[in-house]
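I opened my notebook to record, entry by entry, what I looked up in one protein model.

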Amino acid sequence: MKMIKRVGLLLGTALLAVAPAVMARNLVILHSNDTHSQIDPDASGRGGILQRKAIVDSVRGAEKNVLLIDAGDMVQGSLYFKFFKGDVEYPLFNMMDYDVRILGNHEFDNGLDELARHYKDVKGARLSANYDFSNTPLKGMFDPYVIREIDGKKIGILALNVDPESLISQQNYKGLVFKDIIKTANETAALLKKKKKCDLVIAVTHIGYEKESDKTTDVELAQASRDIDIIIGGHSHTTLNPDDPKSLPVFVNNAVGRPVLITQTGKYGKVLGKIEIDLDNLKKSAPEKFTYSLIPITDRFAPEQLDAGMAAFIAPFREKVDSVNSRVIAYSMAPMSGDARVGAYPNWLADYALKTGRQAADSLRNAGVSVPPVDMGFMNVGGIRQSMPQGPVTEGLILATFPFINHMALIKVKGRDIIDALQVALVKGGECVSENVRVLYDDGKVADVVINDESIDPDKDYVVSTIDYIAEGNDDMRSWANGSRIWTDDEEMIVKVMRYVNETSAKGLPISADPSPRFLPIFKMQNSD
């Protein structure tokens, strides 16, 4: 083996000595998005930040020019964030030496002061072209773009963030000014390409690939652009894989018919994106000549191949996480997917909301408060962050599944506003509606909402049990905010969920849910003639 390595080194040295001009100059871009605090590999050995670092180190060892970029939502989704509020993820990303970082919407989950506390120590370029932080604690921490000169080529990188309205709780981005994505992108990209003479312009975005609301997507950005060559995206958890025939397109033509490469790696850090660019032919090459691939992140590495410093840093945090993850509190009759927009887990959560809301209404009445009957439960599937396997269920799994600081609420809202909200939910693919509700649709439109076997009345008031995040009109379902708040719980939702699970287990009952869909295509009678 030593002889082979030596021959290889001698041969490489000879080539460099004889013909240095023919050696290709390459740029490799590694990128991640929506890793959501998944510090450890999952149950099947996928993902893990130590494993990602091993791959990054391997590529950096083999390539001269490497950029490491993250497209946001690196927090929220595991007990590491719930317990330690970013004190694990932010230092670890610094240890990985990310060159470019942008914000996702979940970086705002603990408010601007907490975000500023962490971001003041973030290494690498901190970018946002369309967020104005002048009147916030983040003032001065972000640049609209950065230019890196690599082997004589100028690489311009700009960042674009999602519209926070009806997505991030208003108190968590107070003072932030959002600027139009496409206008800002085109102005910044033109500046980089024409005035700054950049050879390549990359937009790092957290706006999403797939259309689920009226907000701008990566596809629309690409179509409206002229000077962007690559979009490195996040937010929609889309896996764009050129080797998968079922993947959504990775190339989209821009406003002048030139293809733009769009990339995204799904969620939870299970793969790492890799873009390879020939710098010598950059001016001649169209983006479709760039090589884009996904590198699976698995547990194939031996312990000695993992970063010892990072492992030592994680160890004391993992001790607390593991102690909670080992405490069994319930049993699940069947697996429930945390990724499903309809079915068992969404149904279980909505049924829990209905039951909890009715209990709260009974308590209010016993206290002398007049409260109408609770008509339905509604929750958002985005609040379900983990899947539940069949068998033992741990306390840690429940805490990680519902990590957000939400509070149960009762709202009084018109039937028309319920219909409008459910139309948004339908476009997204469904949401959590309780067992006494069926949403009937036809040709992509809500045709009827049946509550307690009666069609909804647009002019009637209904009482809905949900969470305060939804009651404020978030998750793009703005019409919920037209209602009036009857009651908001003082306890966090997770406290109530945990109590509900414990009470169920104390009775000897397993966790179970009806998997039947509650969003249904309208049934049309066929003539027998």
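The entries below go from confidence to the sheet, then to helix pairs and single residues.

**Entry 1: what kind of model this is**

I noted at the start that this is a predicted model, in which local features need pLDDT of at least 70 and side-chain atom pairs count only at pLDDT 80 or more, while totals for chains, interfaces and linings use all residues. Residues are numbered from 1 along each chain as its sequence is written, and side-chain values use heavy atoms, with hydrogens and water left out.

I looked up the confidence next, given as pLDDT (the predictor's confidence in each residue, from 0 to 100). The protein averages a pLDDT of 93, and 94% of the residues score at least 70. Over residues 1–22 the pLDDT stays under 50, and for this stretch the model has two contacts beyond four places in sequence, where contact means heavy atoms within 4.5 Å.

**Entry 2: the sheet**

I wrote down how elements are named: helices (H or I, at least four residues) and strands (E, at least two) are DSSP runs, numbered from the N terminus. In which order do the six strands of the open sheet lie? I found the order E4-E3-E2-E1-E13-E14, with mixed pairing, and two strands pair if DSSP finds at least two bridges between them. Strand E4 (125–126) and strand E14 (291–296) are the edge strands, since each pairs on one side only.

I then followed E1 and strand E2 (residues 66–70), which run parallel and are joined by five bridges. Val-28 stands opposite Val-66 in E2, and Leu-30 has Leu-68 of E2 as its bridge partner.

Is E2 buried or exposed? Five of the five residues of E2 are buried, so this strand is largely enclosed by the rest of the structure; buried means under 20% relative accessible area, exposed over 50%, and partly exposed in between (1.4 Å probe, protein chains only). I remembered that in a regular strand the side chains alternate between the two faces of the sheet. In E2 both faces are covered, with Val-66, Leu-68 and Asp-70 buried on one side and Leu-67 and Ile-69 buried on the other.

**Entry 3: two helix pairs**

Two packed helices are described by the angle between their axes and the distance between the axes. Here axes are lines fitted to C-alpha atoms, for helices over the stretch in contact, and angles run from 0 to 180 degrees between N-to-C directions.

I found that the axes of helix H9 (residues 344–366) and helix H13 (residues 493–506) come within 12 Å and cross at roughly 95°. That makes H9 roughly perpendicular to H13; angles under 35 degrees count as roughly parallel, over 145 as roughly antiparallel, 65 to 115 as roughly perpendicular and the rest as oblique. On the H9 side the contact is made by Trp-348, Leu-349, Tyr-352, Lys-355 and Thr-356, and on the H13 side by Met-493, Lys-496, Val-497, Tyr-500 and Val-501. By class, this contact has seven nonpolar, one polar and two charged residues, where Ala, Val, Leu, Ile, Met, Phe, Trp, Tyr, Cys and Pro count as nonpolar, Asp, Glu, Lys and Arg as charged, and the others, Gly among them, as polar.

For H2 and helix H8 (residues 308–325), the axes come within 10 Å and cross at roughly 170°, and H2 and H8 are therefore roughly antiparallel to each other. Ile-49, Leu-50 and Lys-53 of H2 meet Met-310, Ala-311 and Ile-314 of H8. This contact of H2 with H8 has five nonpolar, no polar and one charged residues.

**Entry 4: single residues**

I went back to Thr-356 in helix H9, which counts as buried at 7% relative accessibility. Leaving aside residues up to four places away in sequence, Thr-356 touches Met-408 and Lys-496.

Ile-494 sits in helix H13 and counts as buried at 6% relative accessibility. With residues up to four places away in sequence not counted, Ile-494 touches Lys-82, Ile-398, Leu-399 and Phe-402.

Finally I checked Ser-37, which has a positive phi of about 60° although it is not a glycine. Ser-37 is found in the loop between strand E1 (26–32) and helix H2 (49–62), and it is buried, with a relative accessible area of 1%.
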